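User: I'm new to this structure and would like to learn how to read it. Could you walk me through it, feature by feature?

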Amino acid sequence: MGKTTGFLEYQRKENPWLPPEERIKNFKEFKIPQNPEERECQSARCMNCGVPLCQSAIRLSGMVTGCPLHNLIPEWNDEVYHGHFEYALSRLLKTSNFPEFTGRVCPALCEKACICGMNGDPVTVHDNELFIIENAFAKGYMKPRIPEIRSGKKVAVVGSGPSGLAVADQLNHRGHLVTVFERDDQIGGLLMYGIPNMKLDKKVVLRRRKLMEAEGVIFRTGVDVGVDVTAEELKKEYDAVVLCCGAKKPRPLSVDGFDTVKGAVYAVDFLKSATKHVLTGETAGWISAAGKNVVIVGGGDTGNDCVGTCIRQGCRSVRQLEMMPEPPEKRLASNPWPEWPKVLKTDYGQQEAIAVFGGDPRTYETTVREIHTTKTGRIRRVTTVQVKFENGRMTEVPGTEQTVRCELLLIAAGFIGCQDYIADAFGVPRGPRGTVQTEADHYQTGQDGVFTAGDMHRGQSLVVWAITEGRECAKEVDYYLMGYSNM
């Protein structure tokens, strides 16, 4: 522990954000990094607890609190406090493959379990992590680590999202020959095309690709496994195949005619088109919110990303519908520390909507009941209705219908499993959630030499869980290939 009284002397100071009125002018990242001296003070707040719950990933009341990667948080906080930034990096990389991703987009399960947060403000673990990795890239610490010995074993990883990248990174450093297949034109999965640029600059993803390629990983983009390459061809050419294709089957809106309405779009397609337009200026297939009244179904992170994106594109108005009740502003007695706090969160998109339109865009316990179109089938209005849940079932509240203008309807209601064609191609079993089934806490499918990890395996989840699954899956693949594993 670097400074025994640090948590008493220093107050929590997060990386500041640019004001909403300024940041909505572009799609650039808007969080302002603090200088090394401030980071040292923030790291000094870490108490080096005897039982550091921040790195525990314990399950309480059905939810996990603490870091799933079991990051050695007190250790690298201590190194940052002493100004030993390269040592801090070595401790961080011991458990985390991509801190530059989690340091930007993770909801910081670690901070919710920080003991400083029991009666005050938790340590800025999230910002400290991002400082360590970005400082490392800036100072040249992040050099290619090329394996000295190769095993001769070949592994195909299908999908280049965070789980696929983690599998590839781990197995490559172990000495196996890894090829990653990605159907899109860029690697990253949702890191590239699901998370907006202002939240995760795509240069960060491309920077990591360049490093992994220098270390020996081969990326084959624009290759749709199951279409361009058959499962049989992969199994014949490679000693093991790992399916990391995500849970990309979106949950549809249960409204008549939804599938045929022009202007009713899944959020993932909208965000992908927005990012492609930002990166290349490409207009083919671009779905723009400019000048439109937008209604978003879904109150989670993806819905919030849609709000921020629509505002930057110049929408006329934006509403965000959430079927669940509004959370409380503070913890309830039934939700004590260190459980995950089930409290109201006003994220960057909602902040921007408040600044631009004068009010929170969210409406709770509400969904879309009916879609109204023009004669050509283009959406022009939607009718919303309030809902309530009784005995786990949702019912509409009579007399609460409201019709509002809407030229763009975005569905951000989550996902219902992996896409059928890739699972069918490999003949892997799926469970009731639409994900690939394996034995509990294992990653090998019912097919010999075929493994799975990430959202395709556990269902829609966080980037940090995808990386965790990728690391654990890599151990199983290594054992399968070598008969033992030292990973």
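Analyst: Let's start with burial: buried means under 20% relative accessible area, exposed over 50%, and partly exposed in between, using a 1.4 Å probe and protein chains only. Keep in mind that this is a predicted model, where local features need pLDDT of at least 70, side-chain atom pairs count only at pLDDT 80 or more, and totals for chains, interfaces and linings use all residues. Residues are numbered from 1 along each chain as its sequence is written, and side-chain values use heavy atoms, with hydrogens and water left out.

User: Is Arg 208 buried or exposed?

Analyst: Arg 208 counts as buried because its relative accessible area is 3%. You'll find Arg 208 in helix H11, residues 202-214; helices (H or I, at least four residues) and strands (E, at least two) are DSSP runs, numbered from the N terminus.

User: What is Arg 208 in contact with?

Analyst: Contact means heavy atoms within 4.5 Å. Leaving aside neighbours within four places in sequence, Arg 208 is in contact with residues including Phe 98, Glu 100, Ile 133, Phe 137 and Met 142.

User: How do I read a salt bridge?

Analyst: Look for a side-chain nitrogen of Lys or Arg within 4 Å of a carboxyl oxygen of Asp or Glu. The whole structure has 27 of these salt bridges. One of them joins the side chains of Glu 111 and Arg 12, at 2.9 Å from N to O. That pair links distant parts of the chain, 99 residues apart: Glu 111 sits in helix H7, and Arg 12 in the loop between helix H1 (6-9) and helix H2 (20-23). Both Glu 111 and Arg 12 are buried.

User: Which helix holds both Glu 213 and Arg 209?

Analyst: First, the general idea: an α-helix has 3.6 residues a turn, so residues three or four places apart point the same way. Here, Glu 213 and Arg 209 both lie in helix H11, 4 residues apart, about one turn of the helix. Their side chains meet in a salt bridge of 3.0 Å, N to O. Arg 209 is buried because its relative accessible area is 17%, while Glu 213, at 37%, is partly exposed.

User: What about the nonpolar core?

Analyst: In soluble globular proteins, nonpolar side chains tend to be buried together. A nonpolar core here is a set of buried Ala, Val, Leu, Ile, Met, Phe, Trp, Tyr and Cys residues joined through side-chain atoms within 4.5 Å. The largest one has 67 residues, and Val 157, Val 242 and Val 477 have the most contacts inside it. Helix H18 (residues 463-482) gives the largest share of this core, 8 residues. A second, separate core of 20 residues includes Ala 231, Leu 243, Ile 422 and Val 450.

User: Which residues cover the two faces of strand S6?

Analyst: On strand S6 (residues 240-243), Ala 240 and Val 242 are on one side, Val 241 and Leu 243 are on the other, and all are buried, with both faces covered.

User: And how do I see which strands S6 pairs with?

Analyst: Two strands pair if DSSP finds at least two bridges between them. Strand S3 (residues 154-158) runs parallel to S6, joined by 4 bridges, and Val 157 has Val 242 as its bridge partner in S6. S6 also pairs in the parallel sense with strand S16 (residues 450-452), over 3 bridges. There, the bridge partner of Val 242 is Phe 451.
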